[in-house]
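This briefing walks through selected parts of one protein chain. Keep the sequence and the 3D view open while reading, and find each residue as it is named.

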Amino acid sequence: MAGGKEIRDKIKSVESTRKITKAMEMVATSKMRKAQERMRAARPYVRKIRNITGHLAEASPEYSHPFLITHSEGKRVGFIVVTTDKGLCGAMNTNILRTVTQAMREHQERGIGSDLVVIGNRGLSFMNRIGARVVAHAVQLGDTPHLERLLGPAKVLLDAYQNAQVDAIHLCYTKFINSMSQQAVIEQLVPLVPENVRAERGTHGWYYLYEPEPAQVIDDLLIRYVEALIYQAVAESFASENSARRMAMKAASDNAASIIDDLKLVYNKTRQAAITKELSEIVSGAAAV
């Protein structure tokens, strides 16, 4: 059995760790609320622009944007993978990276390669470690996502799609369900078809009058659509990250408290045994005299 001093040192060490995890839990709770507000504020806009884009895809105007054209060469596919810059957020990064690697493996079995744009340090280090082809990345985004920092890397894949170098682009991120649950999802970003954008179905067709020109209106709308989806994916991941980190740090704090209680019990037993031994030695010595 360990000595009393060794047990006291362990208790102090675990208490120090518990202070850190408790502080991180409180910080994550504060950031989580702001991230959830930002995410929920963007959802109505994304939902509406999805519907408009879906109706536009069904309308079949005289002008077809490159994002509405399906490529079927079977050459390569693109993935925009959203992860975190920091760790200590449970299995969030593991789940999304496992989902992406599984999708890449399925494409590879069909002879289709993968190009990746990675957002977040964790995803970038993982993809470099497994030898994936990363064409662009964005890291150290801070606590607030900024669209201008996200569009540069994403444009690499979007330009490749317009040049028919990739057949499709998929957006991979962690969707925020609630504070206790997050889900790794993969959604097709382009090509845009009504099934992808989940347009509201009706009994009537859609016909649009364009001002000034269909090409300009459709180009601007589809660019805004892609920007909105990428921003929403990052906002969802930020909310999921802080929620997962809060739960992970709470579990760590609770485990630390349990360990401290166990160590204190062992320390008390050790101290009691030492006192009992000393008393026995004193009584034995007195009896011998």
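Leaving aside residues up to four places away in sequence, N242 touches A28, K31, M32 and A35. The model is a predicted one.

- N242 is part of helix α6.
- With a relative accessible area of 8%, N242 is buried, because buried means under 20%.
- M32, one of the residues that N242 touches, belongs to helix α1, which covers residues 4-59.
- M32 also counts as buried, its relative accessibility being 8%.
- Apart from neighbours within four places in sequence, the contacts of M32 are S179, N242, S243 and R246.
- Between M32 and K75 there are 43 residues of separation in sequence and 40 Å in space, taken from C-alpha to C-alpha.

**Helix α2**

- Helix α2 runs over residues 92-109, which makes 18 residues.
- From its first C-alpha to its last, α2 reaches 26 Å, close to the 26 Å expected at 1.5 Å a residue.
- The buried residues in α2 are M92, N93, I96, L97, V100, T101, A103, M104 and H107.
- Why do the buried residues of α2 line one face of the helix? Seen down the axis of α2, they fall within an arc of 160 degrees, so they line one face.
- The cover over these buried residues includes the strands β1 (76-82), β2 (113-119), β4 (169-178) and β5 (181-190).
- The helices α3 (121-130) and α6 (214-288) are also included in that cover.
- After α2 comes G111, with a positive phi near 80 degrees.

**Helix α4 against helix α6**

- Helix α4 spans residues 147-162, and its axis comes within 10 Å of the axis of α6.
- The two axes cross at roughly 120 degrees, and the crossing of α4 and α6 is right-handed.
- On the α4 side, the residues that meet α6 are L147, L150, L151, A154 and L158.
- On the α6 side, they are V226, E227, I230, Y231 and V234.
- How many residues of the contact of α4 with α6 are nonpolar, polar and charged? There are 9 nonpolar, no polar and 1 charged.
- G152 also has its place in α4.
- At 44% relative accessibility, G152 counts as partly exposed.
- G152 and V82 are 70 residues apart along the chain, and their C-alpha atoms are separated by 14 Å.

**Backbone details in the loops**

- Most residues other than glycine have a negative phi, and most peptide bonds are trans.
- L88, in the loop between β1 and α2, has a positive phi near 60 degrees and is not a glycine.
- L88 counts as exposed, at 54% relative accessibility, because exposed means over 50%.
- Q140, in the loop between β3 (134-138) and α4, is a residue other than glycine with a positive phi, near 55 degrees.
- Q140 counts as exposed at 52% relative accessibility.
- The peptide bond from V190 to P191 is cis, and its omega is near 0 degrees.
- P191 is found in the loop between β5 and α5 (194-197).

Conventions: Residues numbered from 1 in each chain as written. Predicted model: local features only at pLDDT ≥ 70, side-chain atom pairs only at ≥ 80, totals over all residues. Heavy atoms only, no water. Helix = DSSP H or I, 4+ residues; strand = E, 2+ residues; numbered from the N terminus. Expected span 1.5 Å × (residues − 1). Buried < 20%, exposed > 50% of the residue type's maximum accessible area, 1.4 Å probe, protein only. Arc of directions from axis to C-beta. Contact = heavy atoms within 4.5 Å. Axes fitted to C-alpha atoms, helices over the stretch in contact; angles between N-to-C directions. Left-handed = near helix turned anticlockwise from the far one by under 90°. Nonpolar A, V, L, I, M, F, W, Y, C, P; charged D, E, K, R; others polar.
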